[in-house]
Amino acid sequence: NDEHGTTSSQPQPQELALFVKQTQNFARWHPGHAFPLTRTDNEAKAMRRAETVLSPATTHSVCPRVVTVLDIVSTSLENETESNDSNDNNNKSKLLVTEWQDDTQSLADWFLQPNHTSIDERVISNLAVSLATLNVQPIQDPNFNSTEVRPLLQSCWPLVQNLFREALKPEEKDSATLSTPWATESLDDRCQVAMRQLTPAGFDEIMQRADHAYVQERQVWGHGDAHVFNFLVQQQQPGNNGNAKENMANVNSTTANTPTVILCDWEMSLVQSSGKDGGYFLGFPIACALCHAASGRPTKAFEIQRATVLFWESYSKILRDPKSNHTERDMCQVYRSMIAWTGICLFPTYYLMKLFADIWPLSTSTNDGDDDDDDDDDVRRQALASMGVLGLRAMEWGFPRDVEPNVTLEELQQRFQTAFSDEIRFLCDKRRSENSKNSKKNDPAKKTVEVGARGVQLKHFEIVVKNLLSKVTIEYSNLPPLSLSNETKEESSHSNSDVSSPKWPFIILPPQAQVHGSIPGQIADQTRARRKEDQLQNMIRCVLFLLEETSVQGEPEQSSPSTTTTLVDFGGGSGHLAIPLALLLPHCRVIVVDLSNRSLELLHEKARLFKTNEEATTASPLPTSTKLRASTIPNLYTFHGPVQDFDESKNPFDVGIALHLCGEATDVALRKCGQAGARAMVFCPCCVGKLNRNRKNPYIWQSTGSNTPTVEYPQSSLFQQCFVEDRQKDWNALAKAADYGDAEQSRTCRNAARRCAKSLLETDRKLFLEEAYGYQTALTRMEPWEATPKNDILLAWKPSANSPQTTDTWINPNEACHKDIETTQAHLIDVSRSPSLSAPVEKRDAVDWTLEEQHAIHRQIETFFLGTATSGMTTSENSDEPVMIFPHGMGRRQRKLIHYVAAQLKLQHWSVSGNGSGEKTVAVGRKRRRLRPADKVMAQNSDQD
């Protein structure tokens, strides 16, 4: 109709697209709390005001034009308002009618889609300018929309605080008992560590300060809900021609038409703290950047980070205008508020509540049927953990207990952007590491080559061991004989049969010299003390033999210092080995070298307990790096300092001994012995994993006092010839595998190979002593083996015509040790390729376990389900059907084996996180479901079995 109300003779057709939003007296995302309908009228007021502030010409942004607001009464909302109290308002709602903009795209797509070649910087800048322009408008009513909006968000704070507590106690909760629908799984990741450090009380304080900022700080008028889904972009980038650089130049060029940003959904608009709108916007792009980084897309992640920096630069430019009267201190507070509300988005909203969990731009991987089915979940957990970690830090910085008065804006920006960059790099490194593992694992050539007996896939160290065994001969000898008097033999025999009594030689020594006891330096646990006695007995046996002793006890000889035999105990600690030797060999001098001042103090405390003559004086305080005599054991001395600081030229010695001297310190001490011309050595090395040069070891100092490697490996010429290609990589694999600590399983095939790796490392040391210093050597093992997993003893002595005992007459092969090596050889050699075998070998895929191990897991699963079948609980209709949960703490290989067997049996199988320790295990059932408290009891029983 024309202006007169009559129909025009020639009407002009016009199209008007409308957007209609129905609002009710509650929010669908939080139906339990009132959300007054007056907010819709306020939304229309806010939009009409924004319409006059924003314009395509100045801010390149618009607010949709409001057409009308309608009050409606409906009788079809009964199902939708069940959660509300019944009242007259339950069937009332409003309709907000606005114009709709065609040809638009959600701004969120730019951050979500991994194949976007660029982010239009003009749009980011224009959006920041638009939000800042709103923030600098005069405040007309400080309480605008406050009673409608603020109580709703405030009602979420207790839910968030409860989620924080529930997340810290996943083992006590189940999805059916959680108070909110968001916390449907336990959170076991890096963020939980940060949460435990913060504590629930500390988080409550932060939330109190956030609530105060939300309620009390009314500095600017703003949008109030400025997340990316409330922004649309019209007139998109120029056509993508496939050239990323050219496309980027096009979208940022001044000649191209600038896209218009459309700001929608104003119902949360209110007077708020300055910077809150910017924080709400930045939360989602930062979360997307972390997801891209976790998925292996660093370019996209850092591009988003640059966009966040540009957003602040454009936003702050408007606020720095002289008309706004913002000082530098004001700008610091604005930025602090911005990162605080960014943290609110990242931690409570995305991490705890799992909002948008189904749309994050995370990569997917192919399920290959084994433990790799957790790869996607691992990527998601890593990204969420980074959101949580960064969000918590941003909340701590943005809602501080005490505001730092001297911190500058640049320092705040640097602090947040550095933390953001660190999280991106951390996730990218994790993804590169996982991709490297997967590429090696999926390499068909590697699978066909690295195969040993019965089709078992060989690990890197096993390939190294296999190659070395073809060129190196490992020779183990029996322990040297020990001559004891008949009386001593009888006492020793009695002590070995009685578990409660000490063994030889401790049975003939004073109680203060025994291992088990309650005095300082002694071991209270009897089982542990018994193992220590076994270790010391083996060491003393070897020392006494090499010293050509025929009598263990006697009066001290009147000998000059130049003729007195001197023993140096490297890494002797509190004197477990040195004190018995000093008492057994009163005519010898024993020097203990140790880096720990406290250990040497314990040694002197024990020494004071021994009886002495009246002329003995009390030991003085222990000085640093000096040799100190133990007052009540006159032939016992100590030296405080690292091994390399002990000067053999000033303190010549005859015998070097060491029991469990860690890593490189053993080789430093062996060189000390060789350079001093010591006539004998007895070494029991340990912690050979520290010889791994793959990265700088932070624990080397415990043994050598230095974190700088001084020894090149391998040491012998034969081993250097064997390690030609990738010497360092192969040596690292060998050293890592040789650092083996499970004595009870040392007889399995794979663990025997690790024992063999340890034997090869000791053989390298043995050959080095022969080549470099001309020693005769022997390699033996403690008896019993269970005394310690590190039970190899390396003996070396100078050949002498006057020493008939140190000849080859006592060196007999140790058959038990050689059987261990034979087991390793049989495990590493692919018998299926041997032409001498007449019987066919079962063909299998290249897997990481033997048939015996596979059959054992098969029997366990079968026994479990057959046993429970008799109770009538295994039918698929029964929701309480049992789930078999394997013990925690097993390795990746064992979990892969369980997945493999369960798949063969057509059972459901999935990984289960550990009880807050990060350890995984495997659950097997006829039907996959979330575990409940009853299942956790079953897991405990499984651990006991």
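1. Some ground rules come first. Residue numbers start from 1 along each chain as its sequence is written. Local features in this predicted model need pLDDT of at least 70, side-chain atom pairs count only at pLDDT 80 or more, totals for chains, interfaces and linings use all residues, and side-chain values use heavy atoms, leaving out hydrogens and water.

2. Look at the open sheet of 3 strands, ordered β1-β6-β5 with antiparallel pairing (strands are DSSP runs of E, at least two residues, and helices runs of H or I, at least four, numbered from the N terminus; two strands pair if DSSP finds at least two bridges between them). β1 (18–23) and β5 (66–73) are at the edges with a single partner strand each, so one side of each has no neighbour in the sheet.

3. Strand β6 (residues 92–99) pairs with β1 over 6 bridges in the antiparallel sense. Here Lys-21 sits opposite Leu-96 of β6.

4. Next comes helix α22 (residues 727–738). Its buried residues (under 20% relative accessible area, with a 1.4 Å probe and protein chains only) include Trp-731, Leu-734 and Ala-738. Among the elements covering the buried residues of α22 are α14 (460–469) and α23 (749–773), where contact means heavy atoms within 4.5 Å.

5. Finally, which residues of α9 does α3 meet? Ala-307, Leu-310, Phe-311, Ser-314, Tyr-315, Ile-318 and Leu-319 of α9 meet α3 residues including Ile-124, Leu-127 and Leu-131.

Key: Buried < 20%, exposed > 50% of the residue type's maximum accessible area, 1.4 Å probe, protein only.
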